There are 4 protein chains.
Amino acid sequence: MSLNTFGRIFRFTTWGESHGLALGVVIDGCPPGIVVRPEDIQAALDKRKPGGSKFVTQRKEPDTVKILSGVFEDDRTDGPRTTGAPISLMIENVDQRSKDYADIRDKYRPGHADFTYDAKYGLRDYRGGGRSSARETAARVAAGVIAEKALAEVLDDPVWIRACLVQMGPYKIDRENFDWTEIDKNPFWCPDPVAAKLWEEKLDEARKAGSSMGAVIEVVASGVPAGFGAPVYGKLDADLASAMMSINAAKAVEIGAGMDAAALSGEENADEIRMRNGRPHFLSNKAGGILGGISSGQDIVVRFAVKPTSSILTPRKTITASGEETEIQTKGRHDPCVGIRGVPVGAAMMALVLADHALTHRAQCGSVTPAF
Amino acid sequence: MSLNTFGRIFRFTTWGESHGLALGVVIDGCPPGIVVRPEDIQAALDKRKPGGSKFVTQRKEPDTVKILSGVFEDDRTDGPRTTGAPISLMIENVDQRSKDYADIRDKYRPGHADFTYDAKYGLRDYRGGGRSSARETAARVAAGVIAEKALAEVLDDPVWIRACLVQMGPYKIDRENFDWTEIDKNPFWCPDPVAAKLWEEKLDEARKAGSSMGAVIEVVASGVPAGFGAPVYGKLDADLASAMMSINAAKAVEIGAGMDAAALSGEENADEIRMRNGRPHFLSNKAGGILGGISSGQDIVVRFAVKPTSSILTPRKTITASGEETEIQTKGRHDPCVGIRGVPVGAAMMALVLADHALTHRAQCGSVTPAF
Amino acid sequence: MSLNTFGRIFRFTTWGESHGLALGVVIDGCPPGIVVRPEDIQAALDKRKPGGSKFVTQRKEPDTVKILSGVFEDDRTDGPRTTGAPISLMIENVDQRSKDYADIRDKYRPGHADFTYDAKYGLRDYRGGGRSSARETAARVAAGVIAEKALAEVLDDPVWIRACLVQMGPYKIDRENFDWTEIDKNPFWCPDPVAAKLWEEKLDEARKAGSSMGAVIEVVASGVPAGFGAPVYGKLDADLASAMMSINAAKAVEIGAGMDAAALSGEENADEIRMRNGRPHFLSNKAGGILGGISSGQDIVVRFAVKPTSSILTPRKTITASGEETEIQTKGRHDPCVGIRGVPVGAAMMALVLADHALTHRAQCGSVTPAF
Amino acid sequence: MSLNTFGRIFRFTTWGESHGLALGVVIDGCPPGIVVRPEDIQAALDKRKPGGSKFVTQRKEPDTVKILSGVFEDDRTDGPRTTGAPISLMIENVDQRSKDYADIRDKYRPGHADFTYDAKYGLRDYRGGGRSSARETAARVAAGVIAEKALAEVLDDPVWIRACLVQMGPYKIDRENFDWTEIDKNPFWCPDPVAAKLWEEKLDEARKAGSSMGAVIEVVASGVPAGFGAPVYGKLDADLASAMMSINAAKAVEIGAGMDAAALSGEENADEIRMRNGRPHFLSNKAGGILGGISSGQDIVVRFAVKPTSSILTPRKTITASGEETEIQTKGRHDPCVGIRGVPVGAAMMALVLADHALTHRAQCGSVTPAF
C-alpha cells in the first residue's frame, strides 16, 4: 500500500514522530558503489534544521544523522560506498519539550491533523503533532542527498536542482530581479534581494503578532535529459505533484505555467521548437519541461503553495475530543512561515523523484542518455 | 512500477491507443457482490464521448463498452454482480481516420508528446497521439462508474461527486452565481449561467480562429467520512494531486484554497470548529476537506488547470524527427477546449481515489464509519 | 495489492474466466522496439492448447490471440514493434459448454476452489471453475512469449528456457535417460522415452477409470548471467517459488536439490568452484543456480509438483452451498493429468520472472552483463 | 520494487547487515490501537537468538529490541499502543568479531552468496555475510510478534501458529510420535522425543567433524478462517511459498501433501467434505488448508527444506575475487544446523503472511469472519 513509502525503484520509507526517540528513513533500490559520507548528509540537514534564525522554530535539534546500514568501507572501497542493500538513516530526537503540548492533548488545533488522526485511528501521539509533524521532512532531506548522488551516478551530465521562495504571504518576487546567487544571502532562500527585505519586515510583524504567513516554493531541475517519465499514471509530473503535495501544509502544485496555463491561448501555450548546436531547443518553457508526462530536456519547473503555519497565538474556536466547544491558543515553538523550511524539502523531493525516474527509465529503456 | 496502473487496493490498469483496435481497463481488488450493468457504464461514457457539440472533437465514436470479465449473473444473483475477480472493460475504436495524421509522423507538434515519446522510446504510434491521446480517459470514466458503486457499497451514507468548469481561458465564473443545477444546461458543465454565455461566445471565436482555450475544473465530493487518507506518502491530497495531474493537459492541482492559501494569514487559513447536531462542524473550508492528508468530513474540493489544446490551426515552429527546422499546422478533429471533456474525467478520478482510500481505510482500521 | 498482477517492472495482469466472453493479459513495463508478431504468440498457445491429444481436455478452443495495443507498425518499423505502452492481449472463448456445469452450481467439488470462493466472495462464477480455472494460464503463456523476447533484447547472450515432465503419478523418469530432444516426441513432454511409454499406459488406465494423476514439472533456464535477483524479499528463488505456486494445482516448489537438500551433508551441498575458460565454473549444481537469492550463472533449475486433477468420475462426499451433505461426480471435459499442460506454463513463468529480474537488475545496477 | 519489503497491506521492510551497527525493520499498515510492549518482542527474539545451545552459533548477541516509533502510551491508552504510523524496531549488533572474516574477503565461500553479491553489485560487505546473513531473520521474528497481535485484533477467534523440525539431515520424525508439547523439551523444536535423541547424537557428530546438516521445518496455522487469499498472483500459497523461500538456505516449499501430491490418485488427493457441528468439515487435509489459493478453514500446513550450513571446516575448492583457484576453510562461529533457528523464523513468516491476508481480505470483502 506504500503508505509511508515513496518511489517505484529508488524507494524510501520514512518513520518516526516529532517527539519520539528518533526518526529515520530506509532507502531501497539504490545503485551500488556510490560514495556516501555522513558529512554529506549532515550538511544538507544543517541547512534545513530548526533554530537557524528567528524566522524558524526555536527548537534546538542537532539533527545528527547516523548511517546504520547499506554502506560499506574497507581499504579497497575508497570511501564508504553503497552496497545495493537498504540504507538505513537515523536522526535521534534530543530537544523534545513534550510538556509544551500537554494542554492540547484534549483539544483539536484548527488547521492541524489532530482531529483527522483521531477520527481515523481512534488515538494519536499528540506530542508535537506526532507523525503529522514537519519534523518528518528531515528524513526526506537526508534521503534526498543520496538521491542526488544516485542521479549523478546514472547520468553522464550533471543535474542541477535548486529551490527558492518566490512568494511569502501575498508578496511575490519580481521576476526581473531573479538571481539564484541571492538565495544564500537572506534567511528566506529568496532570489530577489528587494523582496527579501520586504519579507523580513512583514514576517517580523506577523511573528510579533503571533500570526503566520504562507509561501510559494519553486524548484527547478536543470540538465534532466529528455525521456524521464511514462504514460499514464507514471507521468513525471503526476509523481512530482504527489511528491510536493505530500509535504506538510502544501495545498497546490504547479508545473510550468501552472494555474496560469488555463488563461493562455493555444498559440501562447505550446512551446515552439528550433535546433541549436545540433540539439532541439525550445523557444519558451510554458510546459515546465514536461510533455505527455515525459521530460523534454528543458528545465523542470515545479511550484507548490504552502499554507500559513496553523500554530498561532490568536485564540481560535475549536472542540475537545469529547465534543465540547472551546478555544485554543497554540503555544510552543513554531515557524512563523513554515514555507521557508519547505525549500530544502522541495529540492529533496525533486531529487528523489528524478532518481526514481532515472532508474525506471534505465529499467525499461536501457540507456539513460536518450537520443536527444 | 505501476506505469499504467493507479491505486493501492482498488487498482486499475488502462491500455490502448487513440487509433488502435480498442482501449480498455482492468480493475482489480473490487469488492464482490456489486451490481454492474453495461448500461450504467455506457451512460457515463455517453456524457464524455466526442461529438456531443461543436465545442468538442467531431470524431464519431460510439464508445460502446463491453464487460469481458469479473461480473457474473444467474437467476440467483439478481443482476450482473462483481465476483471479486478482475473486471475487464473494452471499448472498440471505430472512427480512426489515421490518414489525417499521416503528414505529422515526421514532425513534432509543439505542446504534444511527440518529441518526448520519441526521445524516450525511439519510436511512437503517432496516429492521433497514440498512447498520449486523451482518448485514454474513456477508460477512466468507465472505471470511475465501478469506483462509485464500490464506494456506495462500503459506506453507510452516500458520497456525492460533482464536477464543473470554473474558468475558461481567462474568464472565471462568478461564485455568487454558482448553482450546480446549471451544469447540465450548457455544453461546458458551467455552474454560472452568465459565464456560460460569455464562454460560448469566446470559445466560438477561438474555434473559428483555429485557436484553443484552457480551463479550470473543480471537483467536489460531499459526504466523505472523516478518516480517509494516511501519512505520509499515502495522503489523500497527494493521491488526488497525482490523479488529477495524470489527466492529459493538466498543469496544476489545488486543494481547497490552493495557490491562494499562500496569501492568507494564519488566522484566515485555519478552519475553526464548532459542534452542530452533535457532530464537529467547520466554520470554513480553506483546507478543502483534508487535514494532514486525511479527510475531515467536510467537502473534498479539488481544482485542476488544463492548458489549451495544443492542436491549433496556426502554423508553429518545430523540428522534424531528423532534426530539421520546419513548421506545422495541426489539422484533424480536435477539441477547442479539451478542459470541457476533463470534467467527467476529473469526477471519475475523484471516485477512483476515494474508492481506493475507502478500501485502504477498511484494511487498516476496519470500520469505514469513523467515530466522527 | 497486485492480486492479479505479477512482477515488479515487467508486470502483467491477467483477467477472464473459463466460460466468460474472453480472457486476456495486459503487460506493462516492456522495453520498446521489440518485434512481436501475433503468430509468435499463437505458436506458443498452440502448444498449450486443449484438445491436442486424448490425454488433455477435449474442449475445443482455437485460442486465437489478438494484440489490442502496445505494438505499432509502419513502413519504418520493420515489423510490428513494442512501443513501451501497455500490451493488451485477448483470447476469445469459443467452446463454453456451460450447461455441463449446471448441476454443480450448488455442490462444492472436493479439491476445487468452489467452497473457498464462496466463503470469500459470497458468490462465484461456477461455470468451468470461473476465475480458478487453469484456462487462465493461456494468458500466461501468451505473456511468456513477450517476456522471452524482452529477455533476449536486454541480454547479449541468449537464455534458453526448457521444461519437461520428470514424474507422473509415482513414476519418475530415469535421469540416465534424460534427453531434451525427446520431449517433443511424446504427448507428455517427457525427456525419457522409456518413462514416456510407461506413463502412456498408466495414464490411459487412469483416464479410463475416471481417475487422474499428478506430476512433477522441471523448468531449466540456461545462459542466465550471474547477478539476477536481490536480497531479501526480492530473491530470484522467492519469486520463482511464488510464480510456480501460483500455477493451478501446484503444491510444492523446489530449487536445485530441493527437498533433498535437507538430507545432504555440508560437504555434499556446497557447490565447489574452479575456473574454466577464464570464467568461474561450478563443479556441481545443488544450488539450482541461485545463491543468496541471486543467480550464479549456472543453470536455474526449478521443479514444481502438481496434484492430480480434482475432477474425477468417482462419486465423492461433499456438501451443498446450503450445508447439506451429498455426493458429487464431476462430469465435463477434463485433463486426466493437468500437469502435462503445466509444462509450457512453467516455462512461461520462468521467462516472466527472468524478464522482470533482467529489468530490475538493469534498473539498480545498470549493466545486464555482470562482471562474471 | 519491494526488494527488501514484504507484504501488500501489512508491509514490512528490513535493513541491516550481520556486522553493521544495527539491524531493524519498519512495519507499515499495522492497525491502530494494538498493545505492543518491548518485552513481548523480546521474548520471541530470545527464543531465536544465538548462543542458546551448543547446536547454534556461539556468537553472543543480546538482541535487545528498541521500539523507535509507531507506538504511543499515555495514561489513557492503557499500555503502549500502535498508532497506525510506521513501527520502527531496531536491534543493535554487539558481538561483531569482524576480524574472524578478514581472511575470507578475497575468497568466495562455496554455498554462500559471496560470489553472486560481487557479480551483481561489484562490491560486498563481507563481514559475516553482510546482508545475506541469517542475522536478518531477527528482524522478521520481531515483526512477526506484531503480525500475530494484528491477526488477533482483526479476528474473532484466535489463530494458533506453531512450528517444529520434522527432519534433520536424512532423519525424519515418526508421525506416530508427533506431540506439540515436546518441542520445548529439546534444543531442536522436535515434536518426536525419539527423533530428538537421535538428532542430538547425529548433530553432535557433524558438529565435531566440522560438518553440518540440513533440515525440514513444518509450520502449522490453526484457526485461520476460510476466505484468506485471492486469485491468481495473490494466492495464499503463492505468498507462503515466497515467504518461506526468502528465508536463508531454503531450497523447497511444500503446501499440504507437497511433492507427494504428485504420486496420489485423484481419489486420494481431493479432500472430501462433510458437515460437523453445523460447519463444513474436511475428512482429510491433503490440500494443506488452501484451495484455489484461498484458505478453507482447515489447518494451513507449510513445510520448507533448509540446506546444511555452508560454513564448514572441511577445506573446499573455490576461487578468489580476482579469478585464481584456491581452497577455503570457513572458520568463525556457525550453526551446525541452521534449520533449528529457522523454526521461529518460519512461524514469524506465517504470521506475517496471514496478517497481511487478513487485512487484504478485510479491504476487499469487508468482514474478516467469512460465511463459513
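**How the chains meet**

Modeller: Start with one residue pair: C:Val253 stands opposite D:Val253 in β11(D). It's a predicted model, so local features need pLDDT of at least 70 and side-chain atom pairs count only at pLDDT 80 or more, while totals for chains, interfaces and linings use all residues. Residues are numbered from 1 along each chain as its sequence is written, chains are lettered from A and ligands numbered from 1 in the order in which they are written, and side-chain values use heavy atoms, with hydrogens and water left out.

Colleague: What makes strand β11 of chain C and strand β11 of chain D a pair?

Modeller: Two strands pair if DSSP finds at least two bridges between them. Here three bridges join β11 (residues 250-255) of chain C to β11 (residues 250-255) of chain D, and the two run antiparallel. The strands themselves are DSSP runs numbered from the N terminus (E, at least two residues; for helices H or I, at least four).

Colleague: Which order do the strands take in the open sheet of 10 strands?

Modeller: Read across: β9(C)-β8(C)-β10(C)-β16(C)-β11(C)-β11(D)-β16(D)-β10(D)-β8(D)-β9(D), with antiparallel pairing. At the edges stand β9 (171-172) of chain C and β9 (171-172) of chain D, each with a single partner strand, so one side of each has no neighbour in the sheet. Within chain D, β11(D) pairs with β16 (residues 300-306) over five bridges, in the antiparallel sense. There D:Glu254 has D:Arg303 in β16(D) as its bridge partner.

Colleague: And why are β1 and β4 of chain C at the edges?

Modeller: That's the open sheet of five strands, β1-β2-β3-β7-β4 in chain C, with antiparallel pairing. Both β1 (5-6) and β4 (65-69) have a single partner strand, so one side of each is left without a neighbour in the sheet. For β4(C) the partner is β7 (residues 87-92), joined antiparallel over four bridges.

Colleague: What makes C:Glu272 and D:Arg316 a salt bridge?

Modeller: The rule wants a side-chain nitrogen of Lys or Arg within 4 Å of a carboxyl oxygen of Asp or Glu. The C:Glu272 and D:Arg316 side chains meet at 3.7 Å, N to O, so the pair passes that rule.

Colleague: Why do you say that the copies C and D meet through the same surface?

Modeller: Because 100% of the interface residues of chain C are also interface residues in chain D. Superposing chain C on chain D takes a rotation of 180° with 0.0 Å of shift along its axis, at RMSD 0.0 Å. The two copies are thus related as by a two-fold rotation axis. The superposition is by least squares on C-alpha atoms of residues with pLDDT of at least 70 in both.

Colleague: And what does the contact of chain B with chain D take?

Modeller: 12 residues from chain B and 12 residues from chain D. The area buried there is about 970 Å², with 56% from carbon and sulfur atoms. B:Arg362, B:Ala363 and B:Gln364 supply 54% of what chain B buries against chain D, more than any other three residues. There are zero salt bridges between chain B and chain D. B:Ala363 is also the residue of chain B that comes closest to the rotation axis, at 2.1 Å (C-alpha).

Methods: Contact = heavy atoms within 4.5 Å. Buried area = accessible area lost by both parts, 1.4 Å probe.
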